[in-house]
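Thanks for making time this morning. I would like to walk you through one model, with the sequence and the coordinates on the screen.

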Amino acid sequence: MSSSDVLASPSGVDVSSSPKSPLAKTQQPDKDSKPVTKQNPVPASPPLHGLKLAPHRELEQAQQRGRLKCSSCGGSRMFFCYTCCSLVGVSQQEIPSVKLPIKIDIIKHPSEVDGKSTAIHAKILAPDDVTIYTYPCIPEYEDDTDKVVLVFPGPGSVSVEEMTWRLQNLAVMKGYTAGGGTHIRSHTHRREGGEAGIEGQTETPGACPLQRVVFIDSTWNQTTRIITDERLQALLRVELKTRKTCFWRHQKGSPDTYLATIEAVYYFLKDYQELCLRQEYTGQYDNLMYFYCYLHTLINKAKTTAGRR
C-alpha cells in the first residue's frame, strides 16, 4: 500500500523511521570493569545497495530534456505517464523488461494520487504480468483461494515461508471436499514445536500452488474500505515482516515496515524465489526497482543540496 502505496507489513508505502531496539537500553558497567572506548559505528550499506540494474543512461538523458507531453492524454510527464501507463520521452528498447513467475494484481484506491504511487513502475517494467485495478473493480478470486494470496499485515497474516504449506493445505482440503473425501489419504503433520496438524493437512515442501498475488495501493488510512471488501475475505494474507522501506514520501507516525507498492512487489518475489521455490536468487527481479532506485537517488541528492543552502 502506499503512502502512496502498498501495505505490506503493517505495511504500506513511503520511507521510514525505525523504532529503537529494546536492546539499546543503557547498561551500567560493573565497578571492576574497564572503561569501554567509544568506537565509531561501522557505516551501514546504503539503501538499495547491490541491485543488478540496467543502466540509467536513458533516464539521465530524459531528465536533461525535461518534461514532455504524453501523446495520449497530453499531460506533462517525466519518464512515463502514470495515467496512460506508457513511456514518455524514453525509448522502450532502453528500458528493462521483467518476466515474473506469478501474476500480480494491484488494487488501487480511487483517491490514491497516481503521480505519487509506485504501482505504475511494476506495470511498465513487467507489463505482461502486472494488472492495476481501481477499486471497486476487483477480480473474482472465490474459486482460486488456494492459488491466490493477499499481501497485507494483520493478526491473521502469515510469512512468505509459511504461505506455501498453507496453500498446499487449502488445495488438499478443497480437493477433499470436492471429491467427497474419498481420494485424499488422511495423515497428520507436526508443525514447529511438535504441534500436531489436523487430518488431511500436509507440510511436505512440494510445488507451491501460488499463481497470483494481490497488493493494495493506498495510504494506510484509506485501506479499510478495500481490505474489508467481502471479495477479499477468503484470501490468505501474507505479511512481509522483515523488510524496511526507503521511500522518500514518509507517512508521518508510521513504522519503517510500511513499504511502497513497488518495494512490496519486489521483496515478495525475492522471498518467493528463495523460500518457496527454494531457488537461489540471482537478481532476476531487481529491475523492478529500476525507476525507484533512480528516483531515490535523484530526490535524495536534491534534498542534500537544498539542506546545504
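This is a predicted model: local features need pLDDT of at least 70, side-chain atom pairs count only at pLDDT 80 or more; totals for chains, interfaces and linings use all residues.

Phe-80 has a relative accessibility of 8% and therefore counts as buried, where buried means under 20% relative accessible area, exposed over 50% and partly exposed in between, with a 1.4 Å probe and protein chains only. Phe-291, at 1% relative accessibility, counts as buried too. Residues are numbered from 1 along each chain as its sequence is written, and side-chain values use heavy atoms, with hydrogens and water left out.

Now to the rings. There are 7 aromatic pairs in the structure, a pair being rings of Phe, Tyr or Trp (its six-membered ring) with centres within 6.5 Å, called stacked if the planes are under 30 degrees apart, edge-to-face if over 60, and tilted for the rest. In one of them, Phe-79 and Tyr-294 have ring centres 5.7 Å apart and planes at 80°, so the pair is edge-to-face. Phe-79 belongs to strand S3 (residues 79-81) and Tyr-294 to helix H6 (residues 290-308), so that parts of the chain 215 residues apart are linked; helices here are DSSP runs of H or I with at least four residues, strands are runs of E with at least two, and both are numbered from the N terminus. Phe-79 and Tyr-294 are both buried.

Returning to Phe-80 and Phe-291, their ring centres are 5.0 Å apart and their planes stand at 70°, so this pair is edge-to-face. With Phe-80 in S3 and Phe-291 in H6, the pair ties together parts that are 211 residues apart in sequence.

Which residues touch the most other members of the largest nonpolar core? Of its 57 residues, they are Met-163, Leu-210, Phe-268, Leu-288 and Phe-291, a core being a set of buried Ala, Val, Leu, Ile, Met, Phe, Trp, Tyr and Cys residues joined through side-chain atoms within 4.5 Å. Helix H5 (residues 261-276) supplies the largest share of this core, 9 residues. Apart from it lies another core of 13 residues, including Leu-150 and Phe-152.

Finally, strand S5 (residues 103-108) is largely enclosed by the rest of the structure, because 5 of its 6 residues are buried.
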